[in-house]
Amino acid sequence: MEALLSGLLSAPVFLAPKPWEDWSLFGEQVVLGLLTGALYALVALAIVLIYRSTDIINFAQSEMAMFGTFAMWSIWLSGVAFFSNPWVLLVLAGLFGLGLGAVVERVVIRPVEGKPVLTIVVVTLGLFLVLNSVATWIWAQGELPKSFPSPLSVLDSWDIGFASIPEHRVLIFAVGAGAMVLLGLLFNYTKVGLAMRATAQNPLAAQLMGINVGNMLTLGWALSGALGGIAGALIAPVVTLHPAFMLPVLLYSFAAAVLGGLNSVPGAVVGGFIIGVAENLLGTYTPHAILGPEMSLPLALMLLVAILLVRPTGLLGERTVRKV
Amino acid sequence: MLRLEGVTAAYGPIVALRGVSLEVEAGSVVTILGANGAGKTSTLRVISGLLRPQSGSVEFEGMAIDRLSPDQIVRLGIVQVPEGRQLFVNLTVRENLELGAYLRRDRAGIRQDLERVFSYFPILAERQRQAAGSLSGGEQQMLAIGRGLMARPRLLLLDEPSLGLAPLVTREIFRIIRAINEQEGITVLLVEQNARLALDIARKGYVLETGRVVLADLSENLRRNEEVRRSYLGY
């Protein structure tokens, strides 16, 4: 009996490496987590950008990005030489997202502005379904998933001593970090950035300053759409393209945004990196019988619930006091 | 300069203004008195384009402005310092002042006006880098007025500048409002609960009751009016 039990427990599914047995593995997982975390940070930022200025959680964020990525896939296959360059596609994905975000705000969100939160939630869920169905209708004929090009190799890795990191993940990190830095500069060093922050904080006062609040909201949605679009084009080469490909990213990014504090821009970035690292470490160090790779998403969400029990506003979120 | 003619306005089913008419002459200080809920703030909201009148007209220098958006109205030089100050509390004092000049493009002029605001309110210069929310009530009111001045207004709408302030601070604020009017030639429309102070600096005043103008006269006459004395001056 005893032998049977110990034999069972030493079966591969119950075995997991321990961090202190191999620090370079630990280091590698942390680095990989940070690299993926940039992607979550990017989408979390897209969520926060909309939430802090309109109190709306855009559930259609993932599908807007998915739609844009499919559109890029179409023009990639259009045969025009210019569009066969993955760098060009990446930039265009951002621009497409920018336009889509602005259109969605003007056409879908503007009419329900000021309506109860639940109404708006249902509208964004509706948008989710519409975009998903339309994308399936247009693009999901024939074989799925479809492959999407990357400017760097998805298969090759760089050796940095203690870790070997896939080239494409470095790209995700670099582009993600670049986009975040640009956004930070926009917010902190430009007049329009200051106006956006002012609008997010006090729309009434912003109006009295002569700020066109409607334009600022459109701009917020546009920037959010751009971040989502870039994120979609960055991850598509890895996970391949199908109508639900952005959903896991959205869930992790929600977790990241809530963890960091839904109204905090730095919080979204920090939350993204924490979720990225946590996902990798949990996946590496928990025995598969207890937590298979398919359990890493629920586990991330459990982590989220645990943190929110302790700090409901998230790590860097501010408690907002609303005066009526 | 500014003329309201028979303005009615409502928040959904709740009627706020029932045919308000008033006139503000260029270069003057005019005050609107009245109890809570009389329609003082609603009048300012209509002028700033935050509340659409259902009927009546609002004219600024002969031009109808009741269909304009709030930012277009600021562009004309009508700037409101709202009730409860409505500062951007998480932004710095400096950023709040910069936002006051949001529609302006003349960098040199903005810098000049910043110095001017700091000369009126030296404490703001010291607290430039501090979050607006960390200021005391009086300092916040100073910042709200300073922010309004940064737009280089021609007509300044002040909504309850004395609200929640100690008497000494209130007097200081009113001294500066007078200076702004006399030295800069900025026309002021002042909504105020403290009728005594308001009638001291205003040339004329309107008394609102439940959305109607019930009295309109020069300040010296209002001060002598039996009704005003009893209801608003308390003697």
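This is a predicted model: local features need pLDDT of at least 70, side-chain atom pairs count only at pLDDT 80 or more; totals for chains, interfaces and linings use all residues.

User: What does A:Leu42 touch, leaving out residues up to four places away in sequence?

Analyst: Beyond its sequence neighbours, its partners are A:Gly176, A:Ala179, A:Met180, A:Leu227, A:Ile230 and A:Ala231.

User: Which element gives the most to the side of chain A that touches chain B?

Analyst: The contact takes 14 residues from chain A and 20 residues from chain B. On the chain A side, the residues divide into 8 nonpolar, 5 polar and 1 charged. Two elements give two or more residues there, α7 (191–201) and α8 (203–208) of chain A. The one that gives the most, with 5 residues, is α7(A).

User: Is A:Pro166 buried or exposed, or something in between?

Analyst: A:Pro166 is found in strand β2 (residues 164–166) of chain A. Buried would take 20 or more other C-beta atoms within 10 Å, and exposed 12 or fewer. A:Pro166 has 18, so the call is partly exposed.

User: How far apart are the C-alpha atoms of B:Val15 and B:Gly211?

Analyst: B:Val15 lies in strand β2 (residues 14–24) of chain B. Leaving aside neighbours within four places in sequence, B:Val15 is in contact with B:Ala10 and B:Gly211. B:Val15 and B:Gly211 are 196 residues apart along the chain, yet their C-alpha atoms are separated by 7.8 Å.

User: Which strands stand at the edges of the open sheet in chain B, and why is one side of each without a neighbour?

Analyst: The sheet has 4 strands in the order β2-β1-β4-β5, with antiparallel pairing. At β5, the pairing with β4 (residues 55–60) runs over 2 bridges, and B:Glu59 stands opposite B:Ala64. Each edge strand has a single partner, so one side is left without a neighbour in the sheet; the edge strands are β2 and β5 of chain B.

User: At about what angle does helix α1 of chain B run to β2(B)?

Analyst: Helix α1 covers residues 40–47 and lies across β1, β2 and β4 of chain B. Relative to β2(B), the helix runs at about 70°.

Note on methods: Residues are numbered from 1 along each chain as its sequence is written. Chains are lettered from A and ligands numbered from 1 in the order in which they are written. Two residues are in contact if their C-beta atoms, placed from the backbone, lie within 7 Å. Ala, Val, Leu, Ile, Met, Phe, Trp, Tyr, Cys and Pro count as nonpolar, Asp, Glu, Lys and Arg as charged, and the others, Gly among them, as polar. Two strands pair if DSSP finds at least two bridges between them. Axes are lines fitted to C-alpha atoms, for helices over the stretch in contact, and angles run from 0 to 180 degrees between N-to-C directions.
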